[in-house]
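User: Could you walk me through this structure? I have not seen it before.
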Amino acid sequence: MRKYSSTEIELINIQVGCILRLARLRKGLSQLELGHQIDSNPTLIGRIERAEGKTSWEKIYMLCKQLDVNLCDILKIKGVDSLLSIVEEAMRYEDKLTQDKTNFYNSLKRRIQDLFKLLSKEQK
């Protein structure tokens with residue numbers, strides 16, 4: 001059985017959050033509205049989108065169903081360019097791109113790039 005590194009797990013968490021955030025923004029939903037639709041709260045939605053902490057797969061599954069996202073697709077690590085493109089597109093969908101949100105997205109892009117560099121070293 002293949003063992004996954006903590007870097008791969010972190011990248012998957014980030015990827016899941018990014019893809020779900022983009023899907024939510026494309027549908028024009030707030031975190032509050034989406035939370036209500038899956039009988040949850042906006043805090044949970046935000047934590048998933050920011051890849052903070054651990055989340056039950058039940059909630060991820062429910063979000064995928066609600067947002068028409070294929071669960072299997074979000075669990076395959078995409079390439080660095082693909083993931084950065086998702087982040088860029090999410091930024092374009094933001095209604096109110098405050099300085100805090102801009103900082104978050106820029107930090108997220110650096111984090112993704114750093115993790116892919118680390119993953120590349122781990123796989124050698």
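Analyst: One term comes up below: a residue is buried under 20% relative accessible area, exposed over 50%, and partly exposed in between, with a 1.4 Å probe and protein chains only. This is a predicted model, where local features need pLDDT of at least 70 and side-chain atom pairs count only at pLDDT 80 or more, while totals for chains, interfaces and linings use all residues. Residues are numbered from 1 along each chain as its sequence is written, and side-chain values use heavy atoms, leaving out hydrogens and water.

User: How many helices and strands are there in the protein?
Analyst: The protein has seven helices and zero strands. Helices (H or I, at least four residues) and strands (E, at least two) are DSSP runs numbered from the N terminus.

User: What does the protein span along its principal axes?
Analyst: The C-alpha trace spans about 45 × 35 × 20 Å along those axes. The radius of gyration is 14 Å, close to the 14 Å from the globule rule for 124 residues, so the protein is as compact as a globular protein of that length. That radius is taken over C-alpha atoms, and the rule is 2.2 Å times the number of residues to the power 0.38.

User: What share of the residues is buried?
Analyst: Buried residues are 40% of the 124.

User: Now the helix packing: at what angle do α1 and α6 cross?
Analyst: The axes of α1 (residues 6–26) and α6 (residues 80–93) cross at roughly 35° and come within 9 Å. Axes are lines fitted to C-alpha atoms, for helices over the stretch in contact, with angles from 0 to 180 degrees between N-to-C directions.

User: Which residues make the contact?
Analyst: Among them are L11, Q15 and C18 of α1, and L83, I86 and Y93 of α6; contact means heavy atoms within 4.5 Å. The contact residues divide into 10 nonpolar, one polar and three charged. Here Ala, Val, Leu, Ile, Met, Phe, Trp, Tyr, Cys and Pro count as nonpolar, Asp, Glu, Lys and Arg as charged, and the others, Gly among them, as polar.

User: Moving to the backbone, what is phi of A51?
Analyst: Phi of A51 is near 55°, a positive value in a residue other than glycine. Most residues other than glycine have a negative phi. A51 lies in the loop between α3 and α4 (57–67).

User: Is A51 buried or exposed?
Analyst: A51 counts as buried, at 16% relative accessibility.

User: And what about D39, buried or exposed?
Analyst: D39 is exposed, with a relative accessible area of 69%. D39 sits in the loop between α2 (31–37) and α3 (42–49), and has a positive phi of about 60° although it is not a glycine.
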